[in-house]
Each structure stands twice: as structure tokens, then as C-alpha cells.
Amino acid sequence: MKKDFHSLLKAIPIALGVGVIVAGLIWAITSRLATTYDAATTWTVSKSSSLSQQKTDYYLYDQYYITLASQQYADIIQAWFASAGIVEQVYRKADVSLPTIKPAKIAKLIRVTKRPPANLAVRFRAENEQDADRLAQAGHEIFSERLSQISKGEQDTYQIIAAPVYTSMNQVNTSFLALIGFLGASLAVLVMWGTILYIVREA
């Protein structure tokens, strides 16, 4: 038992060495990752009606149908984000270069999540804050125009009301990841060494 303990102690320098190598690799890889920026906003699909209950002497059922139609239009807008052509149009209007040319990847550049009843949480990611803000503005203009075209009526039109854009920076914590890699690799070596000693002793 005492011999196994001394053998395990001898493995500590090896474990530390492996940990340093792994930490160095993680540091080298993560330090090359570019910092990105997210411009996040919420779009609400609504309808401005020319009629109101206060101005009419009969009961309006508009609110129910407005809510139902708003939900359906929100679903349509969410589906538009899957179109590489529409996303490319947003980037072109914002004067931002597309990070990829593959249609499947282009359709995933802008992240959108529906929040009932008719709200869409939209995130535009870019290499700098200015590009992210321009993408958010261009996206709102293009999608608002498309929604206006398909929802045109005699008295009212659906529109996208955008919440203020919040821009944040995404930066990889290189030091933390390197430390986790060092501890994980060192511990793994010690556990493996101890397991080998146990197998040899029991053989």
C-alpha cells in the first residue's frame, strides 16, 4: 500500500506536465477566437385599426381576430428567417459581409425565438457593435416592408413594433477555460495512474 502511494506521488509531476500542455493548447485555440457582438431586440406584431369600440355603436370582434392574425403573422415572420435569400438581403442592406455562402448556414445567422402570443426575440450577431446594430435596423426595415405587403387592407395593416436594441459583447474567458483544462487533465492522469497501479497489484 505504501509502495502504491509513493508510486502515485511520482505520477504528480507527469500529471502536472500533461495539465500544462492541455492548458496551453486550450489557451492557444481560444485566444484565436474572435470577439463577437449581439444586437438583441423583441419584435411585436400588431395591427392599427381605423375602428375602435368607442367610435362605433355596434360590438367589434376585432380584438379576437387581431390577436389570432397577429400570432399567424408572427409564425410567418419566423419562417422568413429560414430563407437564405431574405437573410442575405438583410446583410446587404446593412452593408455587412456574409460570414458564409452556404444557404443552410446563411439561414442560421440570425436567431429568432417566438414568445406568445405574437412576439419574436431576435438576435443579430456580428464582428463589431456597429455591424450588429445595422443588422438589427436593416432586419426591422425589410421584415416590416414584407409584412406590410402581405397584410395590406382597406382600413388597416399589420406592423412590427421593435423594442430598443440591446448590444452586448461575447468574449471567451480564455484563462478560465485553460484552468479547467489544466485541472481536468491533471486529475485524469492521476486517476488513470491509480487505476493502473490497482490493476497491476490485483493481477
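Which residue in strand 3 is the bridge partner of Arg115? In this predicted model, the partner of Arg115 is Asn119. The bridge belongs to the pairing of strand 2 with strand 3, two strands that run antiparallel and are joined by 6 bridges. Strand 3 is mostly covered, with 7 of its 8 residues buried.

Helix 5 spans residues 129-150 and has 22 residues. From its first C-alpha to its last, helix 5 reaches 32 Å, close to the 32 Å expected at 1.5 Å a residue. At the start of helix 5, a side-chain oxygen of Asn128 lies within 3.2 Å of the backbone nitrogen of Gln130. The buried residues of helix 5 include Leu135, Ile142, Phe143 and Leu147, and Asp131 and Ser144 are also buried. An α-helix has 3.6 residues a turn, so residues three or four places apart point the same way.

The largest nonpolar core has 35 residues. Trp43, Ile77 and Phe143 have the most contacts inside this core. Two or more residues each are given to the core by strand 1 (36-48), helix 2 (62-80), helix 3 (84-94), strand 2 (110-115), strand 3 (119-126), helix 5 and strand 4 (157-162). Helix 5 provides the largest share, 7 residues. In soluble globular proteins, nonpolar side chains tend to be buried together.

Methods. Residues are numbered from 1 along each chain as its sequence is written. This is a predicted model: local features need pLDDT of at least 70, side-chain atom pairs count only at pLDDT 80 or more; totals for chains, interfaces and linings use all residues. Side-chain values use heavy atoms; hydrogens and water are left out. Helices (H or I, at least four residues) and strands (E, at least two) are DSSP runs, numbered from the N terminus. The expected span of a helix is 1.5 Å times one less than its number of residues. Buried means under 20% relative accessible area, exposed over 50%, partly exposed in between (1.4 Å probe, protein chains only). A polar contact is a pair of N or O atoms within 3.5 Å; within protein, one must be able to donate a hydrogen and the other to accept it, and residues adjacent in sequence count only if both atoms are side-chain atoms. A nonpolar core is a set of buried Ala, Val, Leu, Ile, Met, Phe, Trp, Tyr and Cys residues joined through side-chain atoms within 4.5 Å. Two strands pair if DSSP finds at least two bridges between them.
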